[in-house]
Protein chains: 2
Amino acid sequence: MRGVRALVFDVFGTVVDWRGGVAREADAFLERFGARERDGARFADRWRAQYQPAMEPVRRGQRPFVVLDVLNRETLVAVLEATGVDVRDVPEEALGELSRAWHRLDPWPDAVEGLRRLKRDFVLGTLSNGNVALMVNMARRAGLPWDAILGAELVRTYKPEPAVYLGAAESLGLRPDQVCLVAAHNDDLAAARRCGLRTAFVPRPTEHGPDQTTDLEAAQDWEVAAPDLVALAERLGC
Amino acid sequence: MRGVRALVFDVFGTVVDWRGGVAREADAFLERFGARERDGARFADRWRAQYQPAMEPVRRGQRPFVVLDVLNRETLVAVLEATGVDVRDVPEEALGELSRAWHRLDPWPDAVEGLRRLKRDFVLGTLSNGNVALMVNMARRAGLPWDAILGAELVRTYKPEPAVYLGAAESLGLRPDQVCLVAAHNDDLAAARRCGLRTAFVPRPTEHGPDQTTDLEAAQDWEVAAPDLVALAERLGC
């Protein structure tokens, strides 16, 4: 990790608990609108399952870039229909509100303290597929002390496209090897490494719920691994 | 100001004192390299005079976008030559260091407190021609609590091009009339108003030194005017 000046973070799953946050808001919504199925956590999983496919046409250049808020809104409608909610019965305001549940996710318990400590010695940026407004609203609510909101919107494509990783380093005025991606996902770290960034793995073994089977351990010899962000700060001497 | 959700700030001159900061570093540099003229403040004024002309070809589409660090480096060489320094005698490291003096500018005395108070009620962004790395380094050194670094680099052109103002609002997920530009410069505010943003004037009567004749008062009926950023926070009830 010598020479690393900035840490950039995957956010959904690595810094915040998307499943718990979406489930909390979905529970209330599904009850209110009399859905056939009212399990918010299951709803969160279904919605999340639409996330990668929704970005794929943008990555391939088959669709002009739209921000994640737009994709989340589109996939929400599809998931609601599958859950037995007729979206024609749902006021526009309530749909918009639920579609922005991703702005109101809670950080994992170690995240705020870990980031505060890491910030003393490193520039901290987001490197998320989430858009700037989403990241800003989340950070203000959760107290995440980012120095800069970087990521997909900046370069108008989505991870794991190389432009997202390289664009973040360039914006920070750094070479790729002066930047380290912190993520709970081996595939994200692999893409960063292919671009020349350093890599730090922080597993989140319940990101997908109690029965998670993926990303439980490091799939490569990432430069650093730590059980959470406070431990990462300790490992890096912050 | 009803409905305003975000304040975006001109930075050079409005939040930080570029003349004092550049002069401080130029004084030491000109001494070290035996310049014919060794007045750091005069050097800062000459360098600053190159700022608008350097951006103009980018605004007109005659030159591909390059970040302000690159333009500052180019104009520094020209100004040094005019000051009687042969840049061939200057180590690359010293040139680079002085060209980044803009990363190390001090905030006006009211800026940090004013921004902290305003942040309670408003999203705070930069809306500067400075690049992301410059803004991040400045903010970390000076303690400027931005929620997001927006501005020229995001849209790859320079103020007062409309894309800079409109792009910031769009990134924040807001309509232009939900965003207010805070600036010490009437022409910047006029360009923001033409894009539909609200406007707040904070005069900086010594930005250009003791004999400043421009921007001493509001040239239009800006939505708000306040003598400094703490007073602006009070005016806005923060």
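Chain B is superposed on chain A by a rotation of 180 degrees with 0.0 Å of shift along its axis, at an RMSD of 0.0 Å; the superposition is by least squares on the C-alpha atoms of residues with pLDDT of at least 70 in both copies. The two copies are thus related as by a two-fold rotation axis. In general, two copies of a chain are related by a rotation about an axis and a shift along it. Of the interface residues of chain B, 100% are also interface residues in chain A, so the copies meet through the same surface.

The model is a predicted one, in which local features need pLDDT of at least 70 and side-chain atom pairs count only at pLDDT 80 or more, while totals for chains, interfaces and linings use all residues. Residues are numbered from 1 along each chain as its sequence is written, chains are lettered from A and ligands numbered from 1 in the order in which they are written, and side-chain values use heavy atoms, with hydrogens and water left out.

In chain B, 6 strands form an open sheet in the order β3-β2-β1-β4-β5-β6, with parallel pairing. Helices (H or I, at least four residues) and strands (E, at least two) are DSSP runs, numbered from the N terminus, and two strands pair if DSSP finds at least two bridges between them. Strands of a sheet pair through backbone hydrogen bonds, either parallel or antiparallel. The edge strands of chain B are β3 (148-151) and β6, each of which pairs on one side only. Strand β2 (residues 123-128) of chain B pairs with β3(B) in the parallel sense over 4 bridges, and B:Leu127 stands opposite B:Leu150 in β3(B).

In chain A, attention turns to strand β4 (residues 179-183), where 5 of the 5 residues are buried, that is, under 20% relative accessible area, whereas exposed means over 50% and partly exposed in between (1.4 Å probe, protein chains only). A:Val179, A:Leu181 and A:Ala183 point one way from β4(A), A:Cys180 and A:Val182 point the other way, and all are buried. Strand β1 (residues 6-9) of chain A runs parallel to β4(A) and is joined to it by 4 bridges; here A:Phe9 has A:Val182 as its bridge partner. Strand β5 (residues 198-201) of chain A also runs parallel to β4(A), again with 4 bridges, and the partner of A:Val182 in β5(A) is A:Ala200.

Helix α6(A) has buried residues too: A:Ala111, A:Val112, A:Gly114, A:Leu115, A:Arg117 and A:Leu118. Their cover includes β1, β2 (123-128), α7 and α11 (229-235) of chain A.

Several loop residues also deserve a look. B:Val202, in the loop between β5 and β6 of chain B, is buried, with a relative accessible area of 0%. Neighbours within four places in sequence aside, B:Val202 is in contact (heavy atoms within 4.5 Å) with B:Val182, B:Ala183, B:Ala184, B:Ala226, B:Pro227, B:Asp228, B:Leu229 and B:Leu232. The C-alpha atoms of B:Val202 and B:Val224 are 8.6 Å apart, although 22 residues separate them along the chain. In the loop between β5 (198-201) and β6 (224-225) of chain B, B:Asp215 has a positive phi of about 55 degrees although it is not a glycine; B:Asp215 is partly exposed, at 21% relative accessible area.

The loop between α8 and α9 of chain A holds A:Arg156, another non-glycine residue with a positive phi, near 60 degrees. A:Arg156 counts as exposed at 51% relative accessibility. A:Pro160 is placed in the loop between α8 (152-155) and α9 (162-171) of chain A, and a cis peptide bond, with omega about 5 degrees, joins A:Lys159 to A:Pro160. In chain B, the peptide bond from B:Lys159 to B:Pro160 is likewise cis, with omega near 5 degrees.

Finally, the second largest pocket holds about 480 Å³ of space. Of its 20 lining residues, the closest to its centre are A:Lys119, A:Pro145, B:Lys119, B:Pro145 and B:Trp146. On a 1 Å grid over the protein atoms alone, a cavity is a set of points where a 1.4 Å probe fits but cannot get out, and a pocket is an open set with protein on both sides within 12 Å along at least five of seven lines; lining residues have an atom within 4 Å of a point. Grid points are joined across faces, edges and corners, and the volume is the space filled by probe spheres set on the points.
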